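Here is a short report on one protein and its ligand. The sequence and the structure come first, then the text.

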Amino acid sequence: MSTAKKQYKRVTVKTLVEMKGNHEKISMLTAYDYTMAKIIDSAGIDVILVGDSASNVMAGHETTLPITLDQMIYHASSVVRGTERALVVVDLPFGSYQSDPKEALRSAIRIMKESGGHSVKLEGGSEVKESIKRILNAGIPVMGHLGLTPQSIYKFGTYTVRAKEEEEAAKLVEDALALQRWGCFALVLEKVPAALAKKVADQLTIPVIGIGAGAGVDGQVLVSHDMFGMTHEFNPRFLRRYLNLYEDMGNAVANYVKDVKAVDFPNEEEQY
Ligand code: KIV
């Protein structure tokens with residue numbers, strides 16, 4: 001299998017399907033603000049997800065449920081201004097698409113018009129079929145999300161691995177095939193057994209991006225604050241931390257406090 005990377009100007013939904021065809025794995029990270037998006041985009045990420053995980057990592061809520069459409073649009077427009085290359089996918093927040101397909105379309109249109117994002121993501125399969133179809137009919141690319149769907153956390157009751165039992169796994173495969181049939185351009189699979197995720201990725205022609213779904217899928221996504229080690233209380237098995245910014249930033253703050261107290265900052269060169 002070739003690992004040579006083709007250079008893409010702006011990654012599009014078509015590029016992702018092409019990457020799957022070329023067996024090039026897709027890299028995806030979350031971002032919620034301009035500065036982080038610029039760093040991640042310049043480093044060569046393929047897809048930036050403005051996830052509703054902003055509710056947790058940016059706002060400190062326990063779940064993703066409280067974040068609003070207006071707040072998602074604010075985060076997404078900041079991210080779009082920080083990107084040149086990555087495809088920007090924006091989460092439709094809880095309550096903005098489940099009750100009525102017309103409302104789902106209105107929410108997706110607001111995201112596209114007001115943030116400049118390139119596509120939307122929403123959670124669920126057959127339950128949200130009409131909303132997905134309505135959004136796709138308007139020409140808006142949709143990424144699906146199956147497995148652990150955090151907007152339904154109160155239904156599940158826990159964040160443990162999904163689809164371990166045969167019945168739930170069969171429904172997941174059915175939903176994944178349906179999402180592809182309806183026209184979704186890609187799919188996130190969260191916290192499901194690796195063998196099941198590989199089976200789904202092998203059956204679909206659209207890319208499957210995993211988080212806690214093993215290496216047999218077409219790409220990987222992580223929450224950037226977790227991957228940078230800015231969060232430290234969240235320690236799932238699937239998380240690889242590439243930095244320990246919680247500690248590094250804490251040490252930097254402690255040094256700054258020390259320097260200010262000792263009148264060591266600012267020095268002669270650091271003033272006018
Ligand atoms: O909101 C989010 O960050 C997500 C990822 C975990 C896939 O949906």
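Helices (H or I, at least four residues) and strands (E, at least two) are DSSP runs, numbered from the N terminus. This is a predicted model, in which local features need pLDDT of at least 70, side-chain atom pairs count only at pLDDT 80 or more, and totals for chains, interfaces and linings use all residues. Residues are numbered from 1 along each chain as its sequence is written, and side-chain values use heavy atoms, with hydrogens and water left out.

Lys 20 sits in helix H1 (residues 13–21). Is Lys 20 buried or exposed? Its relative accessibility is 14%, so Lys 20 counts as buried. Buried means under 20% relative accessible area, exposed over 50%, and partly exposed in between (1.4 Å probe, protein chains only).

The partner is Asp 218. Asp 218 lies in the loop between strand E7 (208–211) and strand E8 (219–222). Asp 218 is buried because its relative accessibility is 13%. The side chains of Lys 20 and Asp 218 make a polar contact of 2.8 Å. A polar contact is a pair of N or O atoms within 3.5 Å; within protein, one must be able to donate a hydrogen and the other to accept it, and residues adjacent in sequence count only if both atoms are side-chain atoms. The Lys 20 side chain also reaches the backbone oxygen of Ala 201, at 2.7 Å.

Contact means heavy atoms within 4.5 Å. Not counting residues up to four places away in sequence, Lys 20 touches Ala 201, Leu 204, Thr 205, Ile 206, Pro 207 and Asp 218. With neighbours within four places in sequence left aside, Asp 218 is in contact with residues including Glu 24, Lys 25, Ile 26 and Val 208.

**Ligand site**

Which residues surround the ligand? They are Thr 30, Leu 49, Gly 51, Asp 52, Ser 53, Asp 91, Lys 121, His 145, Val 188, Glu 190, Ile 211 and Val 223. The criterion is a residue heavy atom within 4 Å of the molecule. By class, this shell has four nonpolar, four polar and four charged residues. Ala, Val, Leu, Ile, Met, Phe, Trp, Tyr, Cys and Pro count as nonpolar, Asp, Glu, Lys and Arg as charged, and the others, Gly among them, as polar.

| Residue | Distance to a ligand oxygen |
|---|---|
| Asp 52 | 3.0 Å |
| Ser 53 | 2.5 Å |
| Lys 121 | 2.9 Å |

Taken alone, the ligand exposes 260 Å², and the protein buries 96% of that. Accessible areas come from the Shrake-Rupley method with a 1.4 Å probe; for residues, only the protein chains shown count as cover.

**Nonpolar core**

In soluble globular proteins, nonpolar side chains tend to be buried together. A nonpolar core is a set of buried Ala, Val, Leu, Ile, Met, Phe, Trp, Tyr and Cys residues joined through side-chain atoms within 4.5 Å. The largest such core here has 78 residues, of which Ile 132, Ile 135, Leu 189 and Val 200 touch the most other members. Helix H8 (residues 166–182) gives the largest share of this core, seven residues.

Leaving aside neighbours within four places in sequence, Leu 189 is in contact with Leu 146, Leu 172, Ala 197, Val 200, Val 208, Ile 209, Gly 210, Ile 211 and Ala 213. Ile 211 is also one of the residues around the ligand.

**Backbone details**

Ala 163 has a positive phi of about 55 degrees although it is not a glycine. Its place is the loop between helix H7 (153–156) and H8. Ala 163 counts as buried because its relative accessibility is 3%.

Val 263, likewise not a glycine, has a positive phi of about 55 degrees. Val 263 lies in the segment after H11. At 69% relative accessibility, Val 263 counts as exposed.

Pro 266 is also in the segment after H11. What kind of peptide bond joins Phe 265 and Pro 266? The bond is cis, with omega about -5 degrees.

Pro 236 belongs to the loop between helix H10 (224–227) and helix H11 (245–261). Pro 236 is buried, with a relative accessible area of 14%. From C-alpha to C-alpha, Pro 236 and Asp 226 are 10.0 Å apart in space and 10 residues apart in sequence.
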